Amino acid sequence: QVQLVESGGGLVQPGGSLRLSCAASGSIFTIYVMSWYRQAPGKQRELVAAITSGGIGNYADSVKGRFTISRDNAKNTVYLQMNSLKPEDTAVYYCNADIVGSGYYSASDYWGQGTQVTVSS
């Protein structure tokens, strides 16, 4: 059984920083793309940033220059460093990963449980 566990959310003032972490555990053969999504109240879930196994990242326009995605393949962990946070960044942030489980030949899509990020003074 594969699972993703996020941590690092919380309350921060505008202009502040937070670092989210998401660790994958279980019977894992390999992990392809790892991503962060977010969903604000009343809005659809949106892609924030994604990173390939080789470390190539891409970002939503709304977070470019402020957020940085990275990963540690040895730890099966993806991070999201969020700087210069704005109230509009307030949302539940979800980790997503394409994972090939041990004994399997194709990847499945996994989601974390979500972590709340609130940007407010």
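**How β9 meets its partners**

In what sense do β9 and β11 pair, and over how many bridges? In this predicted model, the two strands run antiparallel and share three bridges. One point to look for is A91, whose bridge partner in β11 is V117.

β9 has other partners as well. Nine bridges join it to β4, again in the antiparallel sense, and here W36 has C95 of β9 as its bridge partner. With β10 (residues 108–111), β9 forms four bridges, also antiparallel, and I99 stands opposite S108 of β10. If you follow the chain through the hairpin of β9 and β10, you will pass six residues between the strands. G103 in this hairpin takes a positive phi near 90 degrees. Strands of a sheet pair through backbone hydrogen bonds, in a parallel or an antiparallel way.

**A strand wrapped by the rest**

Is β9 largely enclosed or open? Nine of its 11 residues are buried, so β9 is largely enclosed by the rest of the structure.

**The nonpolar core**

In soluble globular proteins, nonpolar side chains tend to be buried together. Here the largest nonpolar core has 30 residues. W36, L80, M82 and Y93 are the members with the most contacts inside this core. The largest share comes from β9, with five residues.

**The disulfide**

Which cysteines form a disulfide? The pair is C22 and C95, with their sulfur atoms 2.1 Å apart. C22 lies in strand β3 and C95 in strand β9, so the bond ties together parts that are 73 residues apart in sequence. The count for the model comes to one disulfide.

Its geometry may interest you if you set up torsions: the angle about the S-S bond of C22 and C95 is about -80 degrees, so the disulfide is left-handed. Both cysteines are buried. A disulfide is a covalent bond between the sulfur atoms of two cysteines.

Four strands form an open sheet in the order β1-β3-β8-β7, with antiparallel pairing. β1 (3–7) and β7 stand at the edges with a single partner strand each, so one side of each is left without a neighbour in the sheet. Ignoring direction, neighbouring strands of this sheet are turned by 15 degrees against each other on average.

Within the sheet, β3 and β8 pair antiparallel over six bridges.

**Charges over rings**

Two arginines are worth a look for anyone interested in side-chain contacts. R19 lies over the face of Y79, at 4.1 Å from the ring centre. R45 lies over the face of W111, and there the distance to the ring centre is 4.7 Å. How many aromatic pairs are there? The count comes to one aromatic pair.

Key: Residues are numbered from 1 along each chain as its sequence is written. This is a predicted model: local features need pLDDT of at least 70, side-chain atom pairs count only at pLDDT 80 or more; totals for chains, interfaces and linings use all residues. Side-chain values use heavy atoms; hydrogens and water are left out. Rings of Phe, Tyr and Trp (its six-membered ring) pair if their centres lie within 6.5 Å; planes under 30 degrees apart count as stacked, over 60 as edge-to-face and the rest as tilted. A charge sits over a ring if NZ of Lys or CZ of Arg is within 6 Å of the ring centre and within 35 degrees of the ring normal. A nonpolar core is a set of buried Ala, Val, Leu, Ile, Met, Phe, Trp, Tyr and Cys residues joined through side-chain atoms within 4.5 Å. Buried means under 20% relative accessible area, exposed over 50%, partly exposed in between (1.4 Å probe, protein chains only). A disulfide is a pair of cysteine sulfur atoms within 2.5 Å. Two strands pair if DSSP finds at least two bridges between them. Axes are lines fitted to C-alpha atoms, for helices over the stretch in contact, and angles run from 0 to 180 degrees between N-to-C directions.
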